[in-house]
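Thanks for coming. I will go through one structure this morning, starting with the inside and working out to the pockets.

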Amino acid sequence: MPILISKISGRKIILRNSEDIIGATKYADNKFTAYLVFFLKLLFYNFSDGIITNSSKSKESLDKIVIKKKTKLIFNPYLKKIDKSKKIPKKKYLLSVGRLCKQKNQKIIIEAFSIFLQKYPNYKLILIGHGPDEKRLKNFCKKLNIKRNVIFKGWIKNPKNFYLNSKALLFPSLYEGLPNTLIDAINYNLPCISSKCSGAEDILTKKFGLFVPHDDPKFLAKKIEFVINNYRNVNLDILKIKKKLNRFLIKRQTSKYLSYCQDVLK
């Protein structure tokens, strides 16, 4: 509708697309709605004057359906500052942060954690977030007989302490735009094990990121064990990744937004 109004009124319009549209369509719960949205984007996005997207993979998806010159990659203006908190002793926690839903893929996390527990029974899995899959995931923990080791914390406004106290973040998401959860984790020096969802390689880098398939709990369990057994080296890589987090600072990225908009609107 805004695109139509802009064209009728003779005004320019710049859109912002915040997710991998192909991944979002492929893994959607409601396929009919997802394909309808995809068709509408295919139909109308080419009438825009510019499209800002927030990750390399999202841009690749957009470039398949719109004129390439219209898409512009600008990372999220998310961080106020780079955290310089002193390191604190880690607890035997593994962390998941995100809405409890199909997209975030917590079922694979729980299944991998149950495998990991066979060698490391003193660990806890902490899941932060609410969502439609909460009951199903709790029942799955009961089925695997790991209920005592899995803590559902619900939604937490500021989960900073959980990032600081945990050993690793588990993030096998099916699709994303640019996951702020990974930015937060790196900002708080927390190793991340992630799928190659949209934005993950932009944040974690291809060289130092720890990546897993989104559908292989055994592989994820082995990767968790690798992190625990190689924690010093993994943390050195985290510091290298963190040096590039200034790409997500609010001041730097908002200036790019303004500059791009001014260029398009000229």
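How many cavities of 30 Å³ or more does the count come to? One. Before going further, please keep in mind that this is a predicted model.

The largest cavity has a volume of about 30 Å³. Its lining is made up of S96, V97, G98, K104, Q106, L170, F171 and P172. By class, that lining has four nonpolar residues, three polar and one charged. Two strands, β4 and β7, which covers 168-171, each supply at least two residues of the lining.

That brings me to the sheet. It is an open sheet of six strands, paired in parallel, and the order is β6-β5-β4-β7-β8-β9. At the edges stand β6, residues 150-154, and β9, residues 210-211; each has a single partner strand, so one side of each is left without a neighbour in the sheet. Further in, β4 runs parallel to β5, and five bridges join the two. On the sequence, β4 is residues 93-97 and β5 is residues 124-128. As an example of the pairing, L94 has L125 in β5 as its bridge partner.

Next, the aromatic rings. The structure holds six aromatic pairs. Take F75 and F248: the ring centres are 5.2 Å apart and the planes stand at 55°, so this pair counts as tilted. The two residues come from distant parts of the chain, 173 residues apart. F75 is in the loop between β3 (71-73) and β4, while F248 is in the loop between α11 (231-242) and α12 (250-265). Are these two buried or exposed? F75 counts as buried, at 13% relative accessibility, and F248 is buried with a relative accessible area of 0%.

A second pair is Y120 with Y123. Their ring centres lie 6.2 Å apart and their planes are at 90°, which means the pair is edge-to-face. Both Y120 and Y123 are buried. They also belong to one aromatic cluster, together with F113 and F116.

Two lysines are placed over rings. The charged end of K167 sits over the ring of Y231, 4.6 Å from its centre. K223 lies over the face of F226, and there the distance to the ring centre is 5.8 Å.

Now the pockets. What is the volume of the largest pocket? About 310 Å³. Its lining has 18 residues, and nearest the centre are Y78, I156, K157, P159 and D184. Two helices, α7 (160-165) and α8 (180-187), each supply at least two of the lining residues. The most comes from α8, which gives three residues. Sorted by class, the lining has eight nonpolar, six polar and four charged residues.

The second largest pocket has a volume of about 250 Å³. It is lined by 17 residues, with D20, G23, K57, L174 and K196 lying nearest its centre. Here the helices that each supply at least two residues are α2 (21-26) and α4 (56-63). This lining divides into six nonpolar, five polar and six charged residues.

To recap, we have an open sheet of six strands with parallel pairing, one cavity of 30 Å³ or more, six aromatic pairs, and a largest pocket of about 310 Å³. That is what I have for today.

Key: Residues are numbered from 1 along each chain as its sequence is written. This is a predicted model: local features need pLDDT of at least 70, side-chain atom pairs count only at pLDDT 80 or more; totals for chains, interfaces and linings use all residues. Side-chain values use heavy atoms; hydrogens and water are left out. Two strands pair if DSSP finds at least two bridges between them. Helices (H or I, at least four residues) and strands (E, at least two) are DSSP runs, numbered from the N terminus. On a 1 Å grid over the protein atoms alone, a cavity is a set of points where a 1.4 Å probe fits but cannot get out, and a pocket is an open set with protein on both sides within 12 Å along at least five of seven lines; lining residues have an atom within 4 Å of a point. Grid points are joined across faces, edges and corners, and a volume is the space filled by probe spheres set on the points. Ala, Val, Leu, Ile, Met, Phe, Trp, Tyr, Cys and Pro count as nonpolar, Asp, Glu, Lys and Arg as charged, and the others, Gly among them, as polar. Rings of Phe, Tyr and Trp (its six-membered ring) pair if their centres lie within 6.5 Å; planes under 30 degrees apart count as stacked, over 60 as edge-to-face and the rest as tilted. Buried means under 20% relative accessible area, exposed over 50%, partly exposed in between (1.4 Å probe, protein chains only). A charge sits over a ring if NZ of Lys or CZ of Arg is within 6 Å of the ring centre and within 35 degrees of the ring normal.
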